[in-house]
Amino acid sequence: MTTATATTTAKPAAPRDGGGALLGYASDTLALAGRHLVHLRRSPGRLVLVTMNPLVMLIAIGYLFRESMNIPGNVAYEDFIMAGIAIQVGLTSVGPTAIGVAMDLRNGLVDRFRSLPIASSTVLIGRTLSDLFVGAVSLTAVSLVGLGVGWRPHNGFLQTLAGFGVLLAFIYTMLWLGILLGTAMKNVEAIDGSGALVLVILSFLSNAYVGVGGLPGWLQPIAEWNPVTSVITTTRRLWGNDPVGATGTGFPSEHPGLVTAIMLTTLLVVSVIGSLRGFRKAVGN
């Protein structure tokens, strides 16, 4: 008796033209983003981490210590600090995103993706979209708690919405910075420490908690040109929460929107290019 063994040879995907290629790329990207969200539902630790850190700072500084804080101008401290707290959603996201990418590379998950007829960039973009969803949920939770402790926007619905748009742009840029960190370092312990440094240094060397004038003189120019300061100032002005003198007197204080646009665009372009190159090198493409 002979046994016949049937073998099936996988056929390469048929090439797509113009619109078909674009739709296929978008479909692959959304499918990978959905995969990450399904994993998040099963293990919501990342969402808890990204949300709890800003909430702890909001309650500890914005509520418990608000009577001890002195800022220039006639602005309630809850209003002043809210943009600085919201910015931490993006800063806190750097470490978990970097660790997620490094773990995917270490555990061979990306090798399975390589066997599929998809572009390598869809893997990274899919992760950023899913992580942006996490950031948006966290930002919503932080904003609701902020409303509970006394924060109020004062410039109307459209400008308030524009302020959240600036924050989401910042969060998305930080996610690509996290991917760059994950593809460059790959060591989870080192990434964890680096993510914590990004959070502490960029938030405390800014006008997140006190006005630039409240910092030591030698730190004030650094804080003024810190991109986080420009994002916070832009958001505060859109929300009507910006007291006079909180950002210093230099060019970033006079044109925070322009500085924000230039710095975020530059950082995003550099991070995307570096991430794609690092990822392709790591997977051998």
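Arg127 is buried, with a relative accessible area of 10%. Buried here means under 20% relative accessible area, exposed means over 50%, and partly exposed is in between, with a 1.4 Å probe and protein chains only. Before going on: this is a predicted model, where local features need pLDDT of at least 70 and side-chain atom pairs count only at pLDDT 80 or more, while totals for chains, interfaces and linings use all residues. Residues are numbered from 1 along each chain as its sequence is written, and side-chain values use heavy atoms, with hydrogens and water left out.

Back to Arg127. Its side chain meets that of Asp104 in a salt bridge, at 2.8 Å from N to O. A salt bridge is a side-chain nitrogen of Lys or Arg within 4 Å of a carboxyl oxygen of Asp or Glu. Asp104 sits in helix H3, residues 77-107, and Arg127 in helix H5, residues 120-149, so this pair links distant parts of the chain, 23 residues apart. Helices are DSSP runs of H or I with at least four residues, strands are runs of E with at least two, and both are numbered from the N terminus. Asp104 also counts as buried, at 14% relative accessibility.

Arg127 and Asp131 are 4 residues apart in H5, which means about one helical turn separates them. In general, an α-helix has 3.6 residues a turn, so residues three or four places apart point the same way. Asp131 is buried as well, at 4%. Together, Asp104, Arg127 and Asp131 are linked in a network of salt bridges.

How many salt bridges does the structure hold? There are 3. One of them joins Arg237 and Asp242, at 2.8 Å from N to O. Arg237 is partly exposed at 34%, and Asp242 is partly exposed at 21%.

Next, helix H9, residues 227-239. At 1.5 Å a residue, its 13 residues should span 18 Å, and its end C-alpha atoms are 18 Å apart, which agrees. The expected span is 1.5 Å times one less than the number of residues. Of those 13 residues, 11 are buried, including Val228, Val231, Ile232 and Trp239. Among the elements covering them are H3, helix H6 (157-185) and helix H11 (256-283). After H9 comes Gly240, with a positive phi near 75°.

Which residues touch the most other members of the largest nonpolar core? They are Ile87, Phe170 and Tyr209, in a core of 53 residues. Such a core is a set of buried Ala, Val, Leu, Ile, Met, Phe, Trp, Tyr and Cys residues joined through side-chain atoms within 4.5 Å. H3 gives the largest share, 15 residues. Leaving out residues up to four places away in sequence, Ile87 touches Leu167, Phe170, Val228, Val231 and Ile232; contact means heavy atoms within 4.5 Å.

Last, the aromatic pairs, of which the structure holds 5. Rings of Phe, Tyr and Trp (its six-membered ring) pair if their centres lie within 6.5 Å; planes under 30 degrees apart count as stacked, over 60 as edge-to-face, and the rest as tilted. Trp151 and Trp239 have ring centres 4.9 Å apart and planes at 55°, so the pair is tilted. Phe164 and Trp239 are also tilted, with centres 5.1 Å apart and planes at 55°. Trp239 is buried at 0% relative accessibility. Trp151, Phe164 and Trp239 form one aromatic cluster.
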